[in-house]
Amino acid sequence: MKKQLFPLLFSLCLVVLLGSLLFYMLTSLPLPSSGEQEPQTAAPVLLQLSGSQVNTISIATPHQSFLLSNLGDSLSIEGWEEIPLDPQRCQELMDTLAYLPAVRPLGRLNSLSSEQLKLYGLDFPSHIIQISPVAAAKITLQIGFSTNEKETFVALGESVFSVLTQNLTPFLYSKNQFVSCDITPSLPVSLESGAVSLGGSVRPKTVSIAFSPQNQEDASFGEKTPSPNKTAFPFSQYQFSLTAPVKTNLPTDSARPIISSLYNLTADKVALVHPTSSQLRQLGLNAPYATARTNVDGQGFSLIASPVGSNGSVYVMNQSVPIVYQVQAENIPWLTAQYEVLSKAAFFTGNPQDVRQVQITSPNLSYTFYLWKGETTCNGQLLPQGKFDEFYTKVLSIPPASYTWETPVETTPLVTVQITYTDSSRPTDTLALLPYTAKEAFLSFNEEVRFVVSRACAQNILDNCQNILDRKPLKIQ
């Protein structure tokens, strides 16, 4: 029993001795001072070039290559020197050259196997960037695959790194994406006079708009217009008018979207630079669907536009720049603006004295107005003096709601208005309201459907024909 007890006591003493020695060693080590941290390896910086150090940047992909030259305060693309570039994207590129950090190094390029090169996407890089510094050796970056949504493999010379994908964005812009999407300048805050002319195949007649400062003082500001302190064009301080195809005052709320959408126009993207005649023909720009010409205090520009595509966009060119832009049609109300919609009248009735006969029919009713030697009859009944003039100028001036490209399904008119003139050489005009929806109707003028109007207009015309016969007041639309 004693023989067994001795080894156990010896083992216990040995454990106690070793534990005491370990405790002494740990407690005798100096503690780190406050603020002392474990050393960390800094992420390598791949590029650190100031703007003055950069001469050119070449960007090559399997599909295109182009050279950007540093002009000091801007960049230009070789061969496109006259093409304006996007200053924001150019600055993004220069900022990337000034500081491009890596996430981590991954080894040497020449030590990678063919399988690793393929895995990294460096066997056939998506982009090869060559930077030529001033008085220094050329720097080459090869961009491979993204490891995930956040990181991408990049080779700088013979070294391979993982880099945040978002930091590589400026290198991934295409040639067209470096081009500015600004199509037209801003409208001056102050001007003496302005004019806009809208044409193209979409408009049967050219629409001309003129505008100038109002003569009276502006009631809200108590000063002569325009005020130089404002940052936006003061539409309320200008008067607008249609000068063609008819002359009439133009409401400010009609002119505002047209003028505003012509100036400060920005594209969704650049479609083509230096388009060929064949390309213009394919895009529908050889015979423009819509045109716009501006003249503000002697300065102006001309635009052409294609028909609206299936995606709701149109191709637009500023004729002073060889660029085709793509713009959403909904952002350019000048594209299809018609003088009837702008002036809020679908038919300019003109002088009632020029009229010989007006025949108004519906599936169940018929009214014939006949003018002869200063007298007017309706269905043979003599009308009070001036009653027809009021009907003709106010009731038949139908306000359109919108322009349309649709074709009516139902072709039986709700109401038809046929106008014959005293001048026998002048052709008869025919207006017809055709069924569309429960609240809207198509308006056809001389068998051409161009507008959507309130369906109530049809009944309003018929009711007023009967009101004239019944000697009742007219209901003006």
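Predicted model: local features only at pLDDT ≥ 70, side-chain atom pairs only at ≥ 80, totals over all residues.
Student: What confidence does the predictor attach to the protein chain, and which elements have the lowest and the highest mean pLDDT?

Tutor: The mean pLDDT is 86, and 86% of the residues reach 70 or more. Under 50 lie residues 21-40, for which the model has 0 contacts beyond four places in sequence. Residues 216-229 also stay under 50, but for them the model has 23 such contacts.

Student: Which residues of helix H8 are called buried, and why are they said to line one face?

Tutor: A residue is buried when its relative accessible area is under 20%. In helix H8 (residues 387-395), Lys387, Phe388, Phe391, Tyr392 and Val395 are buried. Seen down the axis of H8, these residues fall within an arc of 130°, and therefore they line one face of the helix. An α-helix has 3.6 residues a turn, so residues three or four places apart point the same way.

Student: Against which elements do the buried residues of H8 pack?

Tutor: Their partners are strands S20 (355-361), S21 (366-372), S22 (375-378) and S25 (415-421), together with helix H9 (456-469).

Student: What makes strands S4 and S6 edge strands, and in what order do the strands of their sheet run?

Tutor: The sheet is open and has 8 strands, in the order S4-S3-S2-S7-S8-S9-S10-S6, with antiparallel pairing. Strand S4 (75-77) and strand S6 (104-108) each have a single partner strand, so one side of each is left without a neighbour in the sheet. The twist averages 25° from one strand to the next.

Student: How do you know that S9 and S10 pair?

Tutor: Pairing requires at least two bridges between the strands. Strand S9 (residues 151-156) and strand S10 (residues 159-164) are joined by 6 bridges and run antiparallel, so by the cut-off of at least two they count as a pair. Leu156 stands opposite Ser159 in S10.

Student: Which helix lies across strands S2, S3, S4 and S7, and at what angle does it run to S2?

Tutor: Helix H2 (residues 87-98) lies across strand S2 (54-60), strand S3 (65-70), S4 and strand S7 (127-133), and runs at about 105° to S2.

Student: How many bridges join S16 to S11 and to S17?

Tutor: Strand S11 (residues 194-199) is joined to S16 by 6 bridges, and Ser197 stands opposite Arg293. S16 and S17 are joined by 4 bridges, with Ala290 opposite Ala305. Both pairs run antiparallel. The hairpin of S16 and S17 has 5 residues between the strands, and in this hairpin Asp297 takes a positive phi near 50°.

Terms used
Residues numbered from 1 in each chain as written. Heavy atoms only, no water. pLDDT = per-residue confidence, 0-100. Contact = heavy atoms within 4.5 Å. Buried < 20%, exposed > 50% of the residue type's maximum accessible area, 1.4 Å probe, protein only. Arc of directions from axis to C-beta. Axes fitted to C-alpha atoms, helices over the stretch in contact; angles between N-to-C directions.
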